[in-house]
Amino acid sequence: MSVIETSGLGKQYRDIWALRDCTMAIPAGRIVALVGPNGAGKTTLLHLTVGLARATTGSVTVLGGAPAGSLWALERIAFVAQDVPLYGYLSVAEMLDLAANMNRRFDRRRSESRLSELGIALGHKVGKLSGGQRAQLALTIAFSRHPDLLVLDEPLSGLDPLARHDFMASLMIAVAEDGLSVVFSSHVISELERVADYLVLLSGGRVQVMGEISELVAGHATLSGPPVDAGRIAERFAVVQSQRAGRQAQLLVRTGNGQGALPEGWDSAEVTLEELVLAYLREPSACALPGPALVGLPSPKGTTA
Amino acid sequence: MRTQSIPARPGALPRYPIPWRPMARVTWLQQRGSLITAAVLFAGCALLIIVSGLGAYAKLSPCLASGRGSCDLNSLHAQTTELTFVTIALLVIPVLAGMFIGAPLLAREIESGSFRFAWTQGTGRTRWVVTKMVLLGGAGAAAAGVLGLLADWYAGPFEATGLASHWLAGQFNVTVLTLPAWTLCSLAAGAFVGLFIGRVVAAMAATAAFAGGLLALDLMRLHDRFLGIAPGVTQSSPSGTGLGALNTFAWPGGIPGPLGSWLVNGWYTGPDGQRLSSAAVSSLVTKLDTSKSPVALGDPAKWLTLRHDAYWISYQAADRFWYFQAAEAAILLAVTMMFAIGIVKLVNRRA
């Protein structure tokens, strides 16, 4: 079952397409990292998923086929928006009260207990909390709704490293307790690697890379060796990115199930998620998508998995 | 890989009951500042009307017993001024409600971005906005209705003595029907403008301009035209009245006309039943004013009849008052509904 399923999804703001031809199915039970450069369409995709935006083309369904934004879906999806917009003039307790009255499945006791553990006093005004505390409060409210899907839009932006670490730790604990699906967008790729097990990379409003992170990492390698043999390598593998420096060529390639024997003088090294993401971001025409269909890229250098 | 069980989505999505009580709590939490201010304003207005009303009843009681003729009008100047002041204060209330409750209602959500929180909760954005509008509108209409009732009670002795009339533009718009209707219209206009503009201060200014402008237009132009719709016609005495648009009320011992009626137009007809020209009217009135005939002095209408002339008035009978009240309230509520529908549509489109 898919927690998010899109088909030909597109969103146009005036004459600019923020997202187009987006077709994907995100399986349940994953922590999905949604990455991409600024303006890639991450926030648009998340807003379409939680019903904050309406699709210009195509469709998006959630949690096994419910229309995004329907009451049924809203009860089961918790969303923490970018910049954590809460009501600054309310106290923390009132903010919980507000959320409890807007969500039938809200667990007040759980939220108070979690905030107590985090040292956030219920009497404090939300507007007086630090950025990290506000993010934790928003996350607490989201968890206390007992969602089946948690959607976080740039939850780490504006947080210092300590607050980022605490936030991710809280996320991991809560996910482990509830086993919910999580989709979150972020620029901080190093943080994603620790927690995410599924990657969706958007670029220019289109899906460029999608799949299990372990499979993506295992299916790519950095090959380095004499430039003279680089052409032969490129014939065997889909080259995502190539760099040449003097007598050394370095290719980040998609190896698929195995790379076999390499030409003499060539070495293979594993790639990290960060290297993989950066390579695809630098080569917007490359793609790595689940088969059988290529999604949205006119002349892909890459192949389907 | 972790696994997760997602509840099977029913074939047809279930209908949830509208969460009135929880949303009442949400509305209170979010709007309590403006609601408390409004409650204080309401209490102040009610107190002002009650105190002024008790004073008016005490002062006007001799006139009520014996009629306006026996009253010293000069001594009632303070009371009539106070009535005017209270009426103006009541007229301003809908504009203030639109500015300070209606306009920030949605503009603040848009301006601060908190709509992204509110509209992604389990209540859903349509229910969120509809329940808020109904609860705030209901409270506003109820409070305005109470003030309208108090205003009716306060104006009672002034009307009985012919010092004021509920047909007059000011009082007409602060009754138990029209004041809540104006309040609802202004609240809805404020909320719509706030949602459209998305800036609190700008929305407040735009609401003040719209609601204040509409009210001023009604008081200065539309009211008299509205009361001129399908009037009755009767022959009357020209004493104290005039020619053309009258826009005043009949009162015993003063301007003649059917008791409790609103006078719309006055005109003269000649022996052939046709309206007299301005020159002919001028000549006729001069003759009437200079005539020393006891009939002319005592009963100008009879004097005209003897000359085969007549003075006519068009008027709204006293029993039509509440029809006009209901009609104006209905028009305002229709405008309110248009704004409300616009709000729901905009909320659902805004993304």
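1. In this predicted model, Leu150(A) touches Ala78(A), Leu139(A), Ala142(A), Phe143(A) and Leu171(A), and its contacts also take in Leu180(A), Ser181(A), Val182(A) and Val183(A), with residues up to four places away in sequence left out of the list.

2. Leu150(A) is, together with Met95(A), Leu137(A) and Leu199(A), one of the residues with the most contacts inside the largest nonpolar core, which has 118 residues. Helix H5 of chain A, covering residues 131-144, gives the most to this core and contributes seven residues. Another core, of 30 residues, lies apart from it and includes Ala56(B), Ile93(B), Ala164(B) and Ala329(B).

3. Chain B is divided into domain 1, made up of 20-60, 75-229 and 321-349, and domain 2, which spans 232-319; the centres of these two domains of chain B, taken over C-alpha atoms, are separated by 40 Å. Twelve residues from domain 1 of chain B and eleven residues from domain 2 of chain B take part in the contact.

4. What do the two domains of chain B bury between them? The area comes to about 950 Å², with 60% of it on carbon and sulfur atoms. Between domain 1 and domain 2 of chain B there are zero salt bridges, whereas five residue pairs are in polar contact, both residues being at pLDDT 80 or more.

5. On the side of domain 1 of chain B that touches domain 2 of chain B, helix H7 (200-227) and helix H11 (321-349) of chain B each supply at least two residues, and the largest share, three residues, comes from H11(B).

Notes. Residues numbered from 1 in each chain as written. Chains lettered and ligands numbered in written order. Predicted model: local features only at pLDDT ≥ 70, side-chain atom pairs only at ≥ 80, totals over all residues. Heavy atoms only, no water. Core = buried A, V, L, I, M, F, W, Y, C linked by side-chain atoms within 4.5 Å. Buried < 20%, exposed > 50% of the residue type's maximum accessible area, 1.4 Å probe, protein only. Helix = DSSP H or I, 4+ residues; strand = E, 2+ residues; numbered from the N terminus. Contact = heavy atoms within 4.5 Å. Domains from an automatic or database assignment. Buried area = accessible area lost by both parts, 1.4 Å probe. Salt bridge = Lys/Arg side-chain N within 4 Å of Asp/Glu carboxyl O. Polar contact = N/O pair within 3.5 Å; in protein donor to acceptor, adjacent residues only side chain to side chain.
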